[in-house]
Amino acid sequence: MKKLLLSVALLGFSTISMAADLSESCKTYFDKVDSLVKAIPEDSLTKQQSDMMKQNLETGKQQVSSMPADAQEAACKQGIELLKQVEASLPKK
């Protein structure tokens, strides 16, 4: 459940208005977010939320790719730092 909440929070960040190609930082950021979304169990309780997060992630990628490269870098580096903080706060398995 914590992963689900974390993913929702991260996807909220990824939908910040950001367009053609993604910078390296953004590729890294979206790869990490993709991994988190894929880690969410697809049971009847989370299927709708997971589908919504996947759709929001794609929208976020499109928005980010429309931003100038320097704006992409700044936004995605901030997102990567947020991911690191969130991952550090999650219990280790």
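Helices (H or I, at least four residues) are DSSP runs, numbered from the N terminus. The model is predicted: local features need pLDDT of at least 70, side-chain atom pairs count only at pLDDT 80 or more, and totals for chains, interfaces and linings use all residues. Residues are numbered from 1 along each chain as its sequence is written, and side-chain values use heavy atoms, with hydrogens and water left out.

View A. A salt bridge is a side-chain nitrogen of Lys or Arg within 4 Å of a carboxyl oxygen of Asp or Glu. The search of the whole structure finds six salt bridges.

**View B. Asp34 and Lys61 form a salt bridge between two helices.** The closest N and O atoms of Asp34 and Lys61 are 3.2 Å apart. This pair links distant parts of the chain: Asp34 lies in helix α2 (residues 24–38) and Lys61 in helix α3 (residues 47–65), 27 residues apart. Asp34 and Lys61 are both buried.

**View C. Glu58 forms a salt bridge with Lys61.** Here the closest N and O atoms are 3.5 Å apart. Glu58 and Lys61 are three residues apart in helix α3, so about one helical turn lies between them. Lys61 has a relative accessible area of 19% and is buried, whereas Glu58, with 42%, is partly exposed. Through salt bridges that share partners, Asp34, Glu58 and Lys61 are joined into one network.

**View D. The largest nonpolar core has 11 residues.** A nonpolar core is a set of buried Ala, Val, Leu, Ile, Met, Phe, Trp, Tyr and Cys residues joined through side-chain atoms within 4.5 Å. The members are Cys26, Tyr29, Phe30, Val33, Leu36, Val37, Leu57, Val64, Cys76, Ile80 and Leu83. Two or more residues come from each of α2, α3 and α4 (69–89). Helix α2 gives the largest share of this core, six residues. In soluble globular proteins, nonpolar side chains tend to be buried together.

Note on methods: Buried < 20%, exposed > 50% of the residue type's maximum accessible area, 1.4 Å probe, protein only.
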